Amino acid sequence: MDKIYYITLLLDFYGELLTEKQRSVMASYYFDDYSLNEIAEEHSITRQAVQDMIKRTEKLLKQYEEKLMLVDKYLERKEKVEIITKELDRLIEKGNSELLNVKSLVDHILD
């Protein structure tokens, strides 16, 4: 899995457990694509401090995931929903239009 995608998922699930400064730095780096220098200027800290904070926060997020496994469970559910959706599409193509309502419900499971 792509590291950036994985970290953004971790941030989505565990971001509220971080300090405001950690959330801000991580959001600037991963969501806004700011450079280390831009983040350092924004927070009035050194580039090295930003880099250290990102590494420590990534480690912390991974520790949360090791204990709670929320992202792993989400990805498993997402994969199963995709399989169900493909099967429903196949059945609908064969003329079973009654399954359209079921497909609509399945499509909203992970929203």
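Reader: Where is serine 28 found?
Author: Serine 28 sits in helix H2, residues 20-31. Helices here are DSSP runs of H or I with at least four residues, strands are runs of E with at least two, and both are numbered from the N terminus.

Reader: Before going on, what kind of model is it, and how are residues numbered?
Author: This is a predicted model, in which local features need pLDDT of at least 70 and side-chain atom pairs count only at pLDDT 80 or more, while totals for chains, interfaces and linings use all residues. Residues are numbered from 1 along each chain as its sequence is written, and side-chain values use heavy atoms, with hydrogens and water left out.

Reader: Back to serine 28. Buried or exposed?
Author: Serine 28 is buried, at a relative accessible area of 4%. Buried means under 20% relative accessible area, exposed means over 50%, and partly exposed is in between, with a 1.4 Å probe and protein chains only.

Reader: What does serine 28 touch?
Author: Not counting residues up to four places away in sequence, serine 28 touches Asp33, Tyr34, Ile39 and Glu42. Contact means heavy atoms within 4.5 Å.

Reader: At what angle do H2 and H3 pack?
Author: H2 and H3 pack at about 145°, and their axes are 10 Å apart. The axes are lines fitted to C-alpha atoms, for helices over the stretch in contact, and the angles run from 0 to 180 degrees between N-to-C directions.

Reader: Which residues make that contact?
Author: From H2 there are Lys21, Ser24, Val25, Ser28 and Tyr29, and from H3 there are Leu36, Ile39, Glu42 and His43. By class, the contact of H2 with H3 has 4 nonpolar, 3 polar and 2 charged residues. Nonpolar covers Ala, Val, Leu, Ile, Met, Phe, Trp, Tyr, Cys and Pro; charged covers Asp, Glu, Lys and Arg; the others, Gly among them, are polar.

Reader: Leucine 36 is on that list. What does leucine 36 touch?
Author: Leaving out residues up to four places away in sequence, leucine 36 touches Tyr29, Arg47, Val50, Gln51 and Ile54. Leucine 36 is in helix H3, residues 36-43, and counts as buried at 12% relative accessibility.

Reader: What about the loop between H2 and H3?
Author: Aspartate 33 is in that loop. Aspartate 33 has a positive phi of about 60° although it is not a glycine, and it counts as exposed at 67% relative accessibility.

Reader: And the loop between H3 and H4?
Author: Serine 44 is there. Its phi is also positive, about 55°, although serine 44 is not a glycine. Serine 44 counts as exposed, with 67% relative accessibility.

Reader: Different topic. How do H1 and H4 pack?
Author: Helix H1 (residues 3-14) and helix H4 (residues 47-68) pack at an angle of about 70°, with axes 10 Å apart. H1 and H4 are therefore roughly perpendicular to each other. That label applies from 65 to 115 degrees; under 35 is roughly parallel, over 145 roughly antiparallel, and the rest oblique.

Reader: Which residues meet there?
Author: Lys3, Tyr6, Ile7, Leu10, Leu11 and Tyr14 in H1 meet Glu58, Leu61, Lys62, Tyr64, Glu65 and Leu68 in H4. The contact of H1 with H4 divides into 8 nonpolar, no polar and 4 charged residues.

Reader: Where is leucine 70, and what does leucine 70 contact?
Author: Leucine 70 is in helix H5, residues 70-93. Apart from neighbours within four places in sequence, leucine 70 is in contact with Phe13, Tyr14 and Glu65. At 34% relative accessibility, leucine 70 counts as partly exposed.

Reader: And lysine 103, buried or exposed?
Author: Lysine 103 is buried, with a relative accessible area of 17%. Lysine 103 lies in helix H6, residues 100-107, and contacts Thr85, Leu88, Asp89 and Ile92, leaving aside neighbours within four places in sequence.

Reader: Last one: how many helices and strands does the chain have?
Author: The chain has 6 helices and 0 strands. Of its 111 residues, 30% count as buried. Along its principal axes, the C-alpha trace spans about 65 × 30 × 20 Å.
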